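Here is a short tour to read with the model open beside you.

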Amino acid sequence: MGKATKYVSKKSDENGFIDWSEDENQIWHDLVVRQLNCIKGKACEEYLAGLKLLSLPTDHVPQLKNINRVLKETTGWECVEVPALINFDRFFHLLSNKQFPVATFLRSRDEFDYLQEPDFFHEVFGHCAMLTNPAFAEFTHAYGRLGYEASKEDRVYLARLYWFTVEFGLMKTTDQLTIYGGGVLSSPGETEYVYTGRKARYKPFEPVDVMRTPYRIDIMQPLYFVIQNINQLYELAQQDIMSMVQEAKVLGLHKPLFPPKKKEHLGEYV
C-alpha cells in the first residue's frame, strides 16, 4: 500500500496485552496532552462524546481490548492489530466487517510532530472516538463494503471520499466550524491550519465534487469539505455511492490546488 516504513508493529500476547515501554508511554502522554489542548473548542460534539466514552488514559498507552469493549457496546465495531502498512484489499475487507485497522507502533521522538504513515496515536486518538457514533460508524461500514467490491480504478475515487471525510472532514452545524476528521484531530499543525491557514479553502460537502478533487498526503490541505451534521454521512451511506463514482469519472478531475510532485505511491496524489 506504500513505500517501506522503519516502524514495526508490536504484537499482543495471548491475553490481548501489548507491552509498551516507558518511553512509549511518555510519548503517548505528551502527544495526548498536547492535542487535547489543541482541539479544545474545535472538535465536534460527536467526537468529544466518543472521547468521554473511551476514557483514554493520559499516563500510558491504552490497550486495544479496553477500546474494543466500548466500541462493541456502542456500534459493534472493534480495532484490529495490523502491520505498519496493509494493502487496500485488506483495508476494505476489515472495514466491511466493522473492524478498524490499527498499526500498533508509536512514532519516535524525532518524528513527534509529523510522520506519513498512521501510527497508534493517529488511529486511536484520531479515529476511535468517532467510531462510537452510529451515523459515522454506519458510513464507514458502508464505505468498506463498497470498497471491497470495487475495481482498482473505482477505489481511487473512493479514496478521495474517505480522505475528505474520515481523515480531513469538517462540520459546521451552527456558526461554529468543528472537526470530525481523524487526520486533523490528531495533528496540531493541521488543527491550527484549519482555523488560521490563510490559504485554506472550504466548500460545502457534495460527494461527486469530493471524488473529483485530487489531494496530496504530505502537505497542509488547501481545501476542506464541510458537512452540516453527522447524519449527512449516514444519509450518504444509504445512497448509490458507486453511481456517484461513475459520474465523477465522466466529469473528470478538478485541477489540483497544489504543485505537482512525483507520484511515489497511491495516496500521495490521487
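Which residues of helix H4 (residues 88–96) are buried? They are Phe91, Phe92, Leu94, Leu95 and Ser96, where buried means under 20% relative accessible area with a 1.4 Å probe and protein chains only.

## Before we go on

This is a predicted model, in which local features need pLDDT of at least 70 and side-chain atom pairs count only at pLDDT 80 or more, while totals for chains, interfaces and linings use all residues. Residues are numbered from 1 along each chain as its sequence is written, and side-chain values use heavy atoms, with hydrogens and water left out.

Helices (H or I, at least four residues) and strands (E, at least two) are DSSP runs, numbered from the N terminus.

Look at both ends of H4 as well. At its start, a side-chain oxygen of asparagine 87 comes to within 3.2 Å of the backbone nitrogen of aspartate 89. After H4 comes lysine 98, which has a positive phi, near 60°.

Threonine 191 lies in helix H9 (residues 188–196) and is buried, its relative accessible area being 0%. Apart from neighbours within four places in sequence, threonine 191 is in contact (heavy atoms within 4.5 Å) with Gln35, Cys38, Ile39, Lys42, Ile179, Val184 and Leu185. From threonine 191 to valine 226 there are 35 residues in sequence and 15 Å in space, C-alpha to C-alpha.

Aspartate 209 sits in helix H10 (residues 207–211). Is aspartate 209 buried or exposed? Aspartate 209 is buried, with a relative accessible area of 12%. Not counting residues up to four places away in sequence, aspartate 209 touches Lys203, Phe225 and His254.

## The whole protein

In total the protein has 12 helices and 6 strands. Its radius of gyration is 18 Å, close to the 18 Å that the globule rule gives for 270 residues, so the protein is as compact as a globular protein of that length. That radius is taken over C-alpha atoms, and the globule rule is 2.2 Å times the number of residues to the power 0.38. The C-alpha trace spans about 50 × 40 × 40 Å along its principal axes.

Of the 270 residues, 56% are buried. Among contacts between residues at least 6 apart in sequence, 68% join residues at least 24 apart.

Technical notes:
Buried means under 20% relative accessible area, exposed over 50%, partly exposed in between (1.4 Å probe, protein chains only). A polar contact is a pair of N or O atoms within 3.5 Å; within protein, one must be able to donate a hydrogen and the other to accept it, and residues adjacent in sequence count only if both atoms are side-chain atoms.
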